[in-house]
Amino acid sequence: MNLHKFDEQYMKMALRLAARGGGWVSPNPMVGAVVVQKGEVVGRGWHHRYGEPHAEVMALLDAGSRSRGATLYVTLEPCNHHGKTPPCTAAILAAGVTRVVIATPDPNPAVNGGGAAFLRERGIQVEMGLLAGESRRLNEAWFTWLATGLPFVIAKAACSLDGKIATRTGDSKWLTGETARAFGHRLRHECDAILVGIGTVLADDPQLTTRLPRRQGSDPIRVVLDSHLRISPKAIILNLKSPSPTWIATTPVAPGHKIQSLESAGAEVLVLPQEKGRVSLEALLQELGRRRVQSLLVEGGAEVLGTFLDQRLVDKFYFFYAPKILGGKNAYPAVAGRGVDNLAEAHQVRDLNLRRLGPDLLVSGYLNQS
């Protein structure tokens, strides 16, 4: 790459712009773009919502005639095909941009390499690879889904310092503070779907919606693991004013009349293969991937989280720790399941990150390679 002095600075700006599309653009990736003319930023843009103009087009519109002879910084290779919108490469060519700096190639077979090649063939200087790792991390769910056909699985739990999510009597509200809970709702907004087990539904009757200030968030698709359809049609999750659907994942042993009752209540029942009497998680992830669910937030409870971990299906985790110690061997743990028999089998966390959220501590990291 023939990089200039401030190229990294402008690409970081484009990445920050791209992140604004989180929760709104799926199944498209988050993309940001910056137009620079003689050292001055003259245009900024990002992909706002699925179906709306892409980041490059927004930045070029913002720059107007100042795009001619300018450099365009974009976090993902520009598309060169007709989809929901016209190809961005045509807009770049028409705007008179002379140099394009791209963070990472687009792995989509309809785009990969084609956008950069189109621009180079028409005399535009193209640089590829600047902050590629940061760009891939921003769209880690999208890259995972394109590579595997499966959702990027995020495990979330809120617990005490000794790893309990509730006292021995089941008391758990509110374990963490407002800042941590707001972060959790932001996660819901940014994920395509959220999953809990039937135990959580029966115990807590949750909404599983996104509740951010001034309704600045979208609700994820709600997924419930319920092998025998114990959920009631009167459950809150089935009686919400929400544009996002509720899917109940069950097994072939589920009674037909219960399926009909839940479908009448507005849910969609997914009858999936069973594994040891429970919904096969691999089959569920395959079905979700087929339905273009790119990111799945697993909120529990403990048995569900434990089973996902037992089967090595978790890509990333967010554990919120409140500055409290509950104690008690009968208090509810954050993670159950079978667990490992020896330390050599333990999940090895990478890229561990610690962050304060008000009085609480957020620990996050990665488990699977992605």
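Colleague: What share of the 370 residues in the protein chain is made up of buried residues?

Modeller: Buried residues come to 51% of them, where buried means under 20% relative accessible area, exposed means over 50% and partly exposed is in between, with a 1.4 Å probe and protein chains only. Keep in mind that this is a predicted model, where local features need pLDDT of at least 70, side-chain atom pairs count only at pLDDT 80 or more, and totals for chains, interfaces and linings use all residues. Residues are numbered from 1 along each chain as its sequence is written, and side-chain values use heavy atoms, leaving out hydrogens and water.

Colleague: Okay, how many helices and strands are in the protein chain?

Modeller: The chain has eleven helices and 18 strands. Those are DSSP runs numbered from the N terminus: helices are H or I with at least four residues, strands are E with at least two.

Colleague: And why is it as compact as a globular protein of that length?

Modeller: Its radius of gyration is 23 Å, close to the 21 Å that the globule rule gives for 370 residues, so the chain is as compact as a globular protein of that length. The radius is taken over C-alpha atoms, and the rule is 2.2 Å times the number of residues to the power 0.38.

Colleague: Switching to rings: how many aromatic pairs does the count come to?

Modeller: Five aromatic pairs. Rings of Phe, Tyr and Trp (its six-membered ring) pair if their centres lie within 6.5 Å; planes under 30 degrees apart are stacked, over 60 edge-to-face, and the rest tilted.

Colleague: Why is the pair of Trp142 and Phe143 edge-to-face?

Modeller: Their ring centres are 5.2 Å apart and the planes sit at 80°, so the pair is edge-to-face.

Colleague: Is Trp142 buried or exposed? What about Phe143?

Modeller: Trp142 is buried, at 5% relative accessible area, and Phe143 is buried too, at 6%.

Colleague: Which residues form one aromatic cluster?

Modeller: Phe183, Tyr318 and Phe320.

Colleague: Now Thr89. Where is its place?

Modeller: Thr89 is in helix 3, residues 88–95, and counts as buried at 0% relative accessibility.

Colleague: What is Thr89 in contact with, leaving aside neighbours within four places in sequence?

Modeller: Pro78, Cys79, Asn80, Gly115, Phe118 and Leu119. Contact here means heavy atoms within 4.5 Å.

Colleague: Last one: where is Val349?

Modeller: Val349 is in the loop between strand 16 (332–333) and strand 17 (350–357). Val349 is partly exposed, with a relative accessible area of 31%.
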